[in-house]
Every structure is written in C-alpha cells, then in structure tokens.
Amino acid sequence: MTDRALLSHLGLLAVLFAAHWLLPAYHHDAVAKVLVLSVYAMGYNIAFGYTGMLSLGHALFFAAGLYGAAMPLTLWGWTGGTALAAGLVAGTAMAAAVGLLALRTRGVSFMIVTLMFAQAFYLTILYLGRWTRGDEGIVIAQPLRQVAGFDLSNGATRYLAALLLFALALLLCLRLVRAPFGRVMVAMRENEERARMLGYNPFTVKLAALTLSGLYSGAAGAAYALMFGYAGASLAGVQYSILPMLWVLLGGAGTVAGPFLGCLLMFYLIDYASALTSATLLVVGVALVALVLFAPKGALGALRERLGKEGRIWLP
Amino acid sequence: MASLTLLEARGLVRHFGGLKAVDGVDFDLAEGEIHALIGPNGAGKTTFVSLLSGRTPVQSGTIRFEGRDITRLPAHVRVRQGIAYTFQITQVFANLTVFDNVALAVQGRGASKRLARETRAALDRVGLGDRADDVAGTLSYGHQRLLEIAMGLALNPRLLILDEPTQGLAIGEIEAFKRLIEGLVPERTVLLIEHNMDVVMDLAHRITVLNFGQVLATGTPEAIRANAAVQAAYLGGQA
C-alpha cells in the first residue's frame, strides 16, 4: 500500500517548491517568513497539539534560538553555520531545563509557570541591553548572514533555505507522530493516568516532547536571525508565545500540516486587513471567535474529521 | 492449586483523613490462581488494588512481588514488572483507534518489530479483531470493556488486576468474559474485584472478603459461602 500521508505532505512541499518561481516578489518574501515561523508553530504543535501541554512561554525557546544565533554571530564573530547550530542547541537546552522544572505542574499551573519563565527571559534580555541591545534589537549585517557559502540575505536563496528547513521539520514531524513514540505522546494528551497504567512515565515522555518542541522553536529562531537579520526583544515577548498557539489552533492542532496552514492564513488575514483598517487585531479576534464557534478543531482538524477514516490516513 | 506465592502484602494501611479505607491488610496471591476480592460498597476494595498497582501510595506495610519489595515503586515501573491494572470505569483512549489503544500496551514492552502482529493477536483474543480501525469511543460499552481487557493482556502481565470487569455487560458477554479469564490461568494470575456473585463463584479459586478496610475471611468459594461472618456482613444471610 502506498504511504498516502507521505504523498499528501510531499505534495505540499512540491507546491511550495513550484511557488518559488511563480510567486511575485512581495509574496515570495512573505511565504519565506511564513515557512520559518511555521517551523516554530510545528514545534508548538508537538508540545500542545500532540502531547497536550498548553504552554504560554514558547517565545522563550524561539528567542533562545534567535539570540543563541545572533549574539555569537555579531559579538564573537562565529560563522553562520556554527551560529545556526548554537541557536538550535540553545532552544533545545532551554526547553529541557524549563521542562525539568515546569513539568512538575500541569494544566493551568503549567501555563503560568511557562509564562513566568518566558517573561523572566524577556526582562533579562532588556536588562542585558549592553549585549542584547534590548528593545532596539540586534541588526545582523548582510555579510555575516552566510551559511556554507550561501547568502541568506538574498531573497531567492532565503526562500529555498527556508523551504529546506521547513521540509526537514515537516517530514520529521510526520515520521514522529506515526512512530510508536508519537502514539505515546497522543496517549499523554488523551489520558495521562491511563498511559501511566500502561507503563509510561508521564514526566519523561512529556520532557522528551517538550525538548523536541524546543529544538524546533530554537531552529526557527536561529533561522529567523540569519534569514531576516534581526533579533529583538519584541520577538521574545508574550505575543510571540500566543501567536504559535493561534496558528496551531487555526490550522488544526494535532495535524502535521496544520501549523503551516494556520500561519499562512493568519499572515494573509492580517495583511489584507491592514489594507482596509488599522484595527487588524479586531479582524484577527473575529476570525478566532468564528473559528471556535464553527471549526474548533481548526481547518485541517475539521477536514480530517469530515473525511473520517480516509482523513486519518491522509492527514495524521 | 498453585503453591508459589506471586504477591505478598503485609500490614497494608491507607487512611483518607478519618476514613480507614485499608487498615492493616495481609494478603497472599498464589501463582496461577483466579482470586476474587469481594465486600460491601466502601469496603476498600478499589483502594486496596490501587495500593497493589501503585496508583495510590502506601502509608505503611510492604508489598512483595515475585520476591522483590515493590512497596515504593511508582505505578509505571510496576506495570513493566508485570502488574497490569484495568480500570473500573472504562478508560480507553476514546479518540484513538482500537488498534492504537492496544498497540500502546504492546509497544511499551519493546516489541517494535512484531507490533502489528501482536496487537492484532491481542484483539483477536477478545474478539475485537475486526474492529481494529474503528475509533474506540464509537464502540459499545461492552466492547470498550473488552478493549480494556485486551490492553491489559497486551502488556503480557504476570498479574492482571480487573476492577469490576463485568459491570454493565450483557448476559451473553459475561459468559464470553468468563471463558476468556479461565483461559488466562495458570500462565497468568488474575485478581478481580467483582460484585456479580455468579461470576465470583464460577471463576474464583479463592476469595478474599474485605469489610471496613480489613480482611474478614479468605478461602475457597465453598468456605466463603459457608462462613457465618461473611454471610452477616455481605451476603445478607441471617447468621
């Protein structure tokens, strides 16, 4: 039997690859940014959508990747490749460390603890303004934004690099959620006590999932720094913890491609709304209320449900 | 009957505030037997098996399983050592498929290569082989109970603890359940809490009666039936 889930996701990647030649410049840049932020959203989805950990502090992991790449690059003269790796490690390590403490709690307490850690990090960034440049942020000069000989400040290169990162993240996520470990993650989300009585330690399973989520977030943050040349405190603020949740909810929590779809929809929703009004957040709010009322499982979640058994085969 | 002791509890105590749910219970489980735990509502049966499975921490006393002290082991470790627990109120993963429910139990003991085959075998054993792709929450209540048992069996346990397994089953389903349990011994040992006296008297090799958190009597079904104290406390007879 052919692997239909793999087919559907390879199809998405093929469309995005074709878009590289088809999209006009403005949308080309926009989609590149959406691809990078989708990796962040996918990381959030691993924690929230699949494992059921509602975090309000993921900006911490994104920002760890962002500054983990930007600071070595600008302050200590590391190369683009090593800075990228450093950001990835920073996001992963931060998630593991926070998980060790925060996973002693669950539910509302977990939300508050993660929010608290993220805010502490945000304030630390402002406090250490001498190195982080605080609110103003670090602008990474164009010559520094090279990885393995590729200039990530170039639009075409950037799009393809973003697509490569996105493809890796998407296929890894697809593999993960259909592997035995993915099944255990979902079991934790659905009924932690039952999973425990099947012999799984909830703490270690959730810690592993959160760490992986940190890896995704850190990778997205580091890639963002290199591709868009900027690391600022606003990207560590609470709105950057809420955004991935909204993207995931909009696209479909617990679906592999949902985070990308949600991120894309939200980006263009704000883009078009800003052409009409300055009250773009109002439009976003109305969209979210409509979502909760009419498609609480998000776009792909609703589609999967409507398709029944076929939906579970095509859209894991 | 089997002579080796699989599980041995000594002086188990668990109080909830002033409520003495389990109050100094000594208990032995012989390898390969079907042992029924009965007693009036609130006698402490579920709390007692929760102590054995590790869902509730023991306040004092010891539990030995296959000769090892497991009193302080967390529940998920006890599962890996061979103590499986099925829930009183059915707790299958309602949003997952029947296959995934059982696969979760199978894969935890590291059977990755044989995962699909062993999962299907566990489903066939309880007669749910043709429902593998259904979402568990859409099954009838009786089938969900069978799924719960299939998950317990798929853990390949030495000891299977069943908390009121026949509750809510139809008469025909109860007969099938009895045959299923009889087929498990003597390779495995079964401890079941059960209210249905016909099931208890048919299945159990030995019975332990709990009352107010203490053991009132232990013995064969015949001995328990004839025990005056048990009749007074539970069976409603005039002692």
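This is a predicted model: local features need pLDDT of at least 70, side-chain atom pairs count only at pLDDT 80 or more; totals for chains, interfaces and linings use all residues.
Colleague: Thanks! With that in hand, how many helices and strands does chain A have?

Modeller: Chain A comes to 15 helices and four strands. Its radius of gyration is 19 Å, close to the 20 Å that the globule rule gives for 316 residues, so chain A is as compact as a globular protein of that length.

Colleague: What does the C-alpha trace of chain A span along its principal axes?

Modeller: About 50 × 45 × 40 Å.

Colleague: Now for burial. What share of the residues of chain A count as buried?

Modeller: A residue is called buried if 20 or more other C-beta atoms lie within 10 Å of its own. In chain A, 48% of the 316 residues count as buried.

Colleague: And how do I read the contacts?

Modeller: Two residues are in contact if their C-beta atoms lie within 7 Å. Take the contacts in chain A with a separation of 6 or more: 76% of them come from residues 24 or more positions apart.

Colleague: Let's move to chain B. Which elements does chain B have?

Modeller: Chain B has nine helices and 10 strands. Its radius of gyration, 18 Å, is close to the 18 Å given by the globule rule for 239 residues, so chain B is as compact as a globular protein of that length. The C-alpha trace spans about 50 × 40 × 35 Å along the principal axes of chain B.

Colleague: What about burial and contacts in chain B?

Modeller: Of its 239 residues, 44% count as buried. Among contacts in chain B with a separation of 6 or more, residues 24 or more positions apart account for 66%.

Methods:
Residues are numbered from 1 along each chain as its sequence is written. Chains are lettered from A and ligands numbered from 1 in the order in which they are written. Helices (H or I, at least four residues) and strands (E, at least two) are DSSP runs, numbered from the N terminus. The radius of gyration is taken over C-alpha atoms; the globule rule is 2.2 Å times the number of residues to the power 0.38. A residue is buried if 20 or more other C-beta atoms lie within 10 Å of its own, exposed if 12 or fewer, and partly exposed in between; C-beta atoms are placed from the backbone.
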